[in-house]
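Biologist: I would like to go through this model feature by feature. Please give the general idea where there is one, then the case at hand.

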Amino acid sequence: MTGIMLTYVAVVDRMNRWIGRIVMYGIFAMMAILLWSSFTKLGSDIGLDINPSLWTLEMAQFAMVAYFILGGPYSIQMGSNVRMDLLYGEWSDRRKAQVDAFTVLFLIVYLAFLLWGGWDSLMYSFQYGGERSNSVWRPYLWPIKLIMVVGIFLMLLQAVSEFFKDILRLKGHDMGPKDEDSSDARPEGTRT
């Protein structure tokens, strides 16, 4: 069982690290969209023959959702999520692993329900010939819903990986510090 957990952690962490590091450059896409929006509005205001783009605000929102939801698993992996550090910071690594192994189960259940709801919403979009936004631009919503379902699924995989890492820490495996990129840590599965 330990070998299966180590393999799972290695595969999921590598995949989410790769996706997270690519998605983090999405901030530049959002900036470009919003910059284009500003230029077209400015050009229209000063009398140039440029019509403000109708799609920019909604597209920037879609880009932000993709950036946030696909970067979430990497954020969990890096320990960049917000946590109440009143007591946690003073605990030993073993105590942290015990508490985290328990509390991550709530995250897993929450993500499972979120995935279920997201899947139903995605299927609804496909079932009725393509649900569209109510805005003037009226884009199809299935692409962003698909990104959300994929992101939630990746986050669920990462939460299970974190659970396995906590169990392995309790068994005495050195999984590296909790708040460090695992690519910079010692090899997974080595004993202390």
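**Salt bridges, helices and a loop**

Modeller: K165 and E162 are 3 residues apart in helix 6, so about one helical turn separates them. The model is predicted, and in it the side chains of this pair meet in a salt bridge, with 2.8 Å from N to O.

Biologist: Are K165 and E162 buried or exposed?

Modeller: K165 counts as buried because its relative accessibility is 5%, and E162 counts as buried at 7%. The cut-off for buried is under 20% relative accessible area. By that cut-off R169 is buried at 18%, and so is D166 at 1%.

Biologist: Which residues are linked with E162 in a network of salt bridges?

Modeller: D13 and K165 are linked with E162 in that network.

Biologist: How many salt bridges does a search of the whole structure find?

Modeller: The search finds 4. One of them joins the side chains of E131 and K145, at 2.5 Å from N to O. E131 counts as partly exposed, at 24% relative accessibility, while K145 counts as buried, at 15%.

Biologist: Where is R132, and what is it in contact with?

Modeller: R132 is found in the loop between helix 5 and helix 6. Leaving aside neighbours within four places in sequence, R132 is in contact with R138, P139, Y140 and L141. At 33% relative accessibility, R132 counts as partly exposed. The C-alpha atoms of R132 and W142 are separated by 8.3 Å, and the two residues are 10 residues apart along the chain.

Biologist: How do I check the length of a helix, and what does helix 5 give?

Modeller: Compare the distance between the end C-alpha atoms with the span expected at 1.5 Å a residue. Helix 5, residues 93-127, has 35 residues and reaches 49 Å, close to the expected 51 Å. Helix 3, residues 56-78, has 23 residues that should span 33 Å, and its end C-alpha atoms are 32 Å apart, so the two values agree.

Biologist: Where do helix 5 and helix 3 bend?

Modeller: Helix 5 bends by about 25° at A101. Helix 3 bends by about 40° at G72, and a proline, P73, follows within four residues.

Biologist: What do the buried residues of helix 5 pack against?

Modeller: They pack against helix 4 (85-88) and helix 6 (142-170). The buried residues of helix 5 include V104, I108, L111, L115 and L122. Among them are also the charged residues K96 and D100.

Biologist: Which residues make the nonpolar surface patch?

Modeller: W119, M123, F126, Y140, W142, L146 and V150 make the patch, which has an area of about 630 Å². Helix 5 and helix 6 each supply at least two of the patch residues. W142 is found in helix 6 and is partly exposed, with a relative accessible area of 33%. Y140 of this patch is also one of the residues in contact with R132.

Terms used: Residues are numbered from 1 along each chain as its sequence is written. This is a predicted model: local features need pLDDT of at least 70, side-chain atom pairs count only at pLDDT 80 or more; totals for chains, interfaces and linings use all residues. Side-chain values use heavy atoms; hydrogens and water are left out. The expected span of a helix is 1.5 Å times one less than its number of residues. The bend at a residue is the angle between axes fitted to the seven residues ending there and the seven starting there. Buried means under 20% relative accessible area, exposed over 50%, partly exposed in between (1.4 Å probe, protein chains only). Contact means heavy atoms within 4.5 Å. Patches are made of residues with over 30% relative accessible area and no salt bridge: like charges are joined within 9 Å, nonpolar side chains (Val, Leu, Ile, Met, Phe, Trp, Tyr) within 5 Å. Accessible areas come from the Shrake-Rupley method with a 1.4 Å probe; for residues, only the protein chains shown count as cover.
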